[in-house]
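I opened my notebook to look up a few sites in a protein model. Here is the structure I worked from.

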Amino acid sequence: MWRVARFGGSKLCRSRRLLSTVIPGPCIVHKRGADILHDPWFNKDTGFPLTERDRLGLRGLLPPRVISFEHQYARFMESYRSLEKNTQGQPDGVVSLAKWRILNRLHDRNETLYYRVLIDNIKDFAPIIYTPTVGLVCQNYSGLFRRPRGMYFSAKDKGEMMSMIYNWPAQQVDMIVLTDGSRILGLGDLGVQGIGIPIGKLDMYVSAAGINPQRILPVMLDVGTNNQRLLEDRLYLGLRQPRLEGEEYLSIVDEFMEAVFTRWPKAIVQFEDFQMKWAFETLQRYRKRFCMFNDDIQGTAGVALAGLLGTVRAQGRPLADLIKQKIVVVGAGSAGLGVLTMAAQAASRMAGSNGVVEKNQFFLIDKDGLITKERKNLDPAAAPFAKDPSEIDGLREGASLIEVVKRVKPDVLLGLSGVGGIFNEEVLKLMRESDSKKPAIFAMSNPTMNAECTAADAFKYAGDNIVFASGSPFKNVHLGDGKIGYVNQANNMYLFPGIGLGALLSGARFITDGMLQAAAECLASYITDEDIQKGILYPSIRSIRHITAEVGAAVLRAAVAEELAEGHGDVGPRELLHMSKEETVEYVTSNMWFPVYSPLVHEK
Ligand SMILES: NC(=O)C1=CN([C@@H]2O[C@H](COP(=O)(O)OP(=O)(O)OC[C@H]3O[C@@H](n4cnc5c(N)ncnc54)[C@H](O)[C@@H]3O)[C@@H](O)[C@H]2O)C=CC1
Ligand SMILES: CC(=O)C(=O)O
Ligand SMILES: [Mg+2]
């Protein structure tokens, strides 16, 4: 039955990949002439065939020669490569922004071509449209702004959101990424300028998960900013007022969520880069009411867990030895606490206990040092990981990172602090004393300048035998004698697209811990033992579509197992239930949008 749905005709410009051939479905367009050329979704630039130019009133509006998609693609890549050449030697930030601009201009003009170059060159372009360059773009957003992308809801829109949501031109929205701009990467409160993050994350959704770009929606919830520099910046485009707090804040988020799910009951909302207090509060508030998740807490946790399991394998130990790993987490925010919570759940499952014993192996440090039960105003979210001073011989409340690493000799040192360089030479050298033969260093904070250490320093000071991962990309390190220090990118981009896609196709109304756990386990098992032995913990981002199909299928199957799957489109819960694992992967893959020019059919 689901086969009919997959290959049936569609009005949605859906392209189908049949074996190696992509069959473009027809696309209904309600406009004509120049209006089409100015709509990046329909625009093919010089690629409109002559018959289509006649049908759509485009004759004479374009140079006469028809250029093929492949030729347009080659032309863009040529201009990109010559930009690379011409900017050689200029500061990194200048080069990255120039690359971002050329990609952004293509995005504004021709989405089909934009997404095709993105998909085919994801390793080169992810650092531009995503971390680290997206951080620079957010920092400079008000100056870079040329035209809006996505929707902006502000504190001034209270009471209006239910009608505003209907201003969005697309009939259907599948995936929304929402931020309030309060903690953008490790760059702090960037107010309205944080909209760059939902845009970048959704570009990853299209590239990795094949979410139809006509069905994505980046959203900024502007409730003010506490960033004094922005408040005083005459170019700043957001509300010039301090952030709303308490019930006033929550009432804005409530109103937005009600509006979204009234118009699109099947949409999925990803919360992104909210400051910690609101990240946890909104997750608790909405996760049983709406289909939503918090990427920084839950997506990051799954990616880190996969990395921790990979580390255990790299040490040549059985997975169950996760419970024996001494893990020092630096940063007790939404990401750090998310990681420890998921790691504790996994360790409990492995040990068949309630997790109490396993937590003894975890050490949590924040800006005030080691967190113990003696901490004044201990955050309830951190409390389960606070050490009992009687159990940590030689350490005290607030012990420094150096003291902790020296005493604990951890197997894993994992940074989610947002503090660039905090794993300094002294800390890294202490990791040579680790009890593990293959200690792991995860410098997960973004963007690059906020990474806890560089890859080169990690190998230089902690030794050649470490496994290393960072949140933003670094180049592999040459260790001499032809040996390579492999750099992994421990970034939630490996999971959030699959979590969203799997949840969408399952039709589940909530995203459960079981679905998230399935995503993490799928990623963990993706890597072969051969790669693990080389220190490779995550697959190449070049395979991101394939990884996402597998992760999406794992999430979907978990939803089915929990009897939450209600189906999607023509594929109901019974069909989902009867799909084998391979069929589920095939089903997920066949639902991925792929950019090809569709024949345009005009309808009034
Ligand atoms: N690689 C990835 O996939 C992800 C990376 N991140 C990164 O993690 C970082 C933190 O994100 P959140 O947890 O959401 O932020 P957050 O603001 O909620 O937490 C930051 C934590 O770091 C601690 N901290 C600050 N200065 C410190 C210091 N000198 N020593 C030790 N701890 C210190 C704070 O006390 C706080 O506990 C950001 O840079 C973000 O880019 C976040 C999510 C995913
Ligand atoms: C990757 C990501 O979500 C972050 O740095 O916040
Ligand atoms: Mg984030």
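I worked with a predicted model, where local features need pLDDT of at least 70, side-chain atom pairs count only at pLDDT 80 or more, and totals for chains, interfaces and linings use all residues. Residues are numbered from 1 along each chain as its sequence is written, chains are lettered from A and ligands numbered from 1 in the order in which they are written, and side-chain values use heavy atoms, without hydrogens and water.

**Metal site.** I looked up what holds the magnesium ion (ligand 3). Its protein donors are Glu 272 (OE), Asp 273 (OD) and Asp 296 (OD), at 2.0 to 2.1 Å. Donors are N, O and S atoms within 2.8 Å of the metal (3.2 Å for Na, K and Ca); water is not among the atoms, so sites may look incomplete. Asp 273 and Asp 296 are both buried (under 20% relative accessible area, 1.4 Å probe, protein chains only).

**Annotated residues.** The unreviewed UniProt entry marks Tyr 130 and Lys 201 as "active site"; such annotations may be inferred rather than shown by experiment. They are spread over 72 residues of sequence, yet their largest C-alpha distance is 7.0 Å.

I checked Tyr 130 next. Tyr 130 is buried, with a relative accessible area of 5%. Leaving aside neighbours within four places in sequence, its contacts (heavy atoms within 4.5 Å) include Lys 201, Asn 492 and Phe 496.

Then I checked Lys 201. Lys 201 is also buried, at 5% relative accessible area. Beyond four places in sequence, Lys 201 touches, among others, Tyr 130 and the residue Glu 272, one of the magnesium donors.

Definitions and conventions
Buried < 20%, exposed > 50% of the residue type's maximum accessible area, 1.4 Å probe, protein only.
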